[in-house]
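Work through the exercises below with the sequence and the structure at hand. Each task is followed by a solution in steps.

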Amino acid sequence: MNSSLFAAAARWIFSPVVGSPRSMAPSPYLRKSFHLNQSVKSARLTVTALGLYECEINGQRVGDQVFAPGWTDYSKRVMLQSYEVGSLLRSGENVLGAILGDGWYCGYVAWKDRQNYGDRPKLLAQLDVTLEDGSTLTLTTDESWKTAVGAIRESDFLSGEVYDARMELGAWSQPGYSEEGWQSVLTEPLSPALSIEERLGPPVRRIDELKTTKLTLITDWNQVRRIYDFEQNFAGRVKISVRASRGTVVRLRFAEILDEKGELYTENLRSARCTDYYICKGEGVEVWEPRFTFHGFRYAEVQGIKKEDFVEIVGVVLHSDMKPTGRFRCSNELLNQLQHNIVWGQKSNFLEVPTDCPQRDERLGWLGDAQVFVRTAAFNMDVRGFFHKWVRDLRDAQSKEGGVPSVAPERGYTPGEIDGGPAWSDATIICPWTIYLCYGDKKILADHYESMRHYFDFLTKFRCAGHIRSHWTADKWGGYGDWLALDGSGKTDGGTPKDLIGTAFYAHDAKLLEKIATALGHETDALYYRKQREDIALAFRRRFLTPDGLVVSGTQTAAVLALHFGLIEEGEPRKLLAQELARDVEKRGFHLATGFVGTPYLLEVLETEGYLDVAYKLLEQETFPSWLFPVKNGATTIWERWDGWTPEKGPQDKGMNSYNHYAYGAVGAWMYRSVAGIELDSSQPGYEHILFRPRPGGSLTWAEASLDTPHGTTAIHWEKTETGLQIELTVPQGTRATLQPPAGYGAEQKLEPGRHSLTLKASL
Ligand code: BGC
């Protein structure tokens, strides 16, 4: 599907008003008035923009998508939407209108200047109308459209929106409006180089509204500042209702935490201004919500209005519209809050692409973060469509040599641009594989297969020497290491050698590619990847195993990767390394030290190697550094770093300190899979065969989870009893299940669809 959807006469249209790399321009309004000589049977509006758009017909908003048409690499492709709009049209004069925002196309993105893809937003639209008598007519964007600027003076993701209500254009998208002062649009032909395609994946929508009564008033001379606490960190914006005199400038600022004086702490936003302004027209209660911006925040400050003025505020939660699918609960309330925080981390960051964080001047689709979290994400929500779309972004970002950057969509954010480094660029194999496992979705593997092969060849050709990836002779940079681990003597990339991480992930890639090739029926390829994996594992052992069987550097992540990716020989060598890992965890008083790379597998490895008790001690640890330390300190989302805030130091380094980064929330998958016990069988993906494998431990007396699988809802609830375990299970129709009880609770049991209530006795 591409530009041929549009009639030959269709043109991109845009305003003569333009900003610069560092200055913003007002949002253009565009309109076309047209006449229909009879009533309408049906009509379809097909529309897209370079930038963001919202359309109106005869004064009515079209659709409910936010930030349409979505984020893609606009140098290659842009997505379109189509809407049934027959009911909005009528016989006589009609108006089709649009407002454009800068968005990812020409606004500020990350730490770079504006105008990353183009200098101003552009609209492309076509309205296909079938009239009552069956005749049809087509209207497209062309030079006959008119444009003006109005109340939206600035509109930018990172900076915020400035709205001067005194400059509103009135009923601009309605018939009978005078176009005085409006000018002709500029036009541009469609380029064959830009693919215009149907939207893939769910759009962003307004998902929820948060109300709050928690308010602090700070009086500054004749003004009051109001600080509202939504009691939840989230991505979105506020809708305000205000009554104040004409020309009153209402300033809205946002923050995730307060400083020690109770004021907004905004230093961690870095260069993002994150401030909205609303200038009142002074006509009673005015209600306003920005259109083309979002912030990451828990606190909103309203400044500029007098004590006696009226103001009300509502938080508007925005994210990609994914169906919630999973629920987890257990007898430890702190773990329930952790689950809540993981879900809100996901909500806040699954906004068009999986972003690292929603608040500072970053908000990019970081691959490392996404690959560690994808399994957890697929428990909490239906992320299949979301990842189909983003995996295509990965293909668009792949270099001709086959390298995959660390961010997608990519626009010069990756050092060197073509290689995202170990555990980041490998998302290009790990994410589609995980989506296949969770949804039984072979299409994502088939669509992406050539790209994955190309990527693996790139690693082999350009990044490895003697099967060692990130070998210093082949890769001077080596990647981000075990990002934000605490064992790196203060360095952000931790203490685990980069070539060790690189080689471990290279071996993992080969293993996954063997499985993917097998699933797709490419037998010869599968054999090739199997051989590659053997050679890489051998090289890993030669280089990174010490003569007495430990892994160089001695970090937990080094041991975790070696064990989890099966790079250590079975039997004694494995046992020895696992013992050493458990000993190190204990030595740290059951506190965490691992970073983005090692943490996601840590508990699973401990469990598999027979240290379930140690895994639970880590999970339930409440003192720093641990998952529950932020929870104990009032967190409502997952923090970027273990030491994001400590009582001794307060907030960490402002240059890198988000309170809404989902990566460490990757522990959520272990909570579903092992604490509650819902697991898939990778030989029958998509939960066709469900494995119930609860692993009670720690302080827990009960746990439960449910998951809406492609076949229906499955659920488990277990409870400790005097003599063993009482388990309630739900097996959806059309699936099969096996209960794999914890050690000492009897033998495996096969289960048919339906509900089961089982009493398991513990053997002494
Ligand atoms: C991001 C991370 C990301 C990293 C790369 C950071 O700035 O916020 O989450 O993965 O850079 O190491």
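This is a predicted model: local features need pLDDT of at least 70, side-chain atom pairs count only at pLDDT 80 or more; totals for chains, interfaces and linings use all residues.

**Exercise 1. A helix and its surroundings**

Solution. 
Step 1. After α11 comes G610, which has a positive phi, near 95°.

**Exercise 2. A serine in a helix**

Task: Find the helix that holds S674, and list the residues that S674 contacts beyond four places in sequence.

Solution. 
Step 1. Leaving out neighbours within four places in sequence, the contacts of S674 are E607, R693, P694 and R695.
Step 2. The side chains of S674 and R693 form a polar contact of 3.4 Å.
Step 3. P696 is 22 residues from S674 along the chain, and the C-alpha atoms of the two are 7.9 Å apart.

**Exercise 3. A serine in a strand**

Task: Is S320 buried or exposed, and which backbone nitrogen lies 2.8 Å from a polar atom of its side chain?

Solution. 
Step 1. S320 is part of strand β25, which covers residues 310-320.
Step 2. With a relative accessible area of 0%, S320 is buried.
Step 3. The backbone nitrogen in question is that of E352, 2.8 Å from a polar side-chain atom of S320.
Step 4. Not counting residues up to four places away in sequence, S320 touches P202, P203, V204, F350, L351, E352 and F386.

**Exercise 4. The ligand**

Task: List the residues around the ligand, sort them by class, and give the distances from its oxygen atoms to the side chains of D356, D369 and W424.

Solution. 
Step 1. The ligand is surrounded by D356, R360, E362, W366, D369, W424, Y480, W483, F596, E640, M656 and H661.
Step 2. This shell consists of six nonpolar residues, one polar residue and five charged residues.
Step 3. A polar side-chain atom of D356 is 2.7 Å from a ligand oxygen. For D369, the distance from a side-chain N or O atom to an oxygen of the ligand is 2.5 Å. For W424, the corresponding distance is 3.0 Å.
Step 4. On its own the ligand has 310 Å² of accessible area, and the protein covers 97% of this.

**Exercise 5. The whole chain**

Task: Describe the secondary structure, the overall dimensions and the burial of the chain.

Solution. 
Step 1. The chain has 14 helices and 40 strands.
Step 2. Its radius of gyration is 28 Å, close to the 27 Å that the globule rule gives for 764 residues, so the chain is as compact as a globular protein of that length.
Step 3. Along the principal axes, the C-alpha atoms fill a box of roughly 85 × 65 × 60 Å.
Step 4. Of the 764 residues, 63% count as buried.
Step 5. Among contacts between residues at least 6 apart in sequence, 74% join residues at least 24 apart.

Terms used: Residues are numbered from 1 along each chain as its sequence is written. Side-chain values use heavy atoms; hydrogens and water are left out. A residue is near a molecule or strand if one of its heavy atoms lies within 4 Å of it. A polar contact is a pair of N or O atoms within 3.5 Å; within protein, one must be able to donate a hydrogen and the other to accept it, and residues adjacent in sequence count only if both atoms are side-chain atoms. Accessible areas come from the Shrake-Rupley method with a 1.4 Å probe; for residues, only the protein chains shown count as cover. Ala, Val, Leu, Ile, Met, Phe, Trp, Tyr, Cys and Pro count as nonpolar, Asp, Glu, Lys and Arg as charged, and the others, Gly among them, as polar. Helices (H or I, at least four residues) and strands (E, at least two) are DSSP runs, numbered from the N terminus. The radius of gyration is taken over C-alpha atoms; the globule rule is 2.2 Å times the number of residues to the power 0.38. Buried means under 20% relative accessible area, exposed over 50%, partly exposed in between (1.4 Å probe, protein chains only). Contact means heavy atoms within 4.5 Å.
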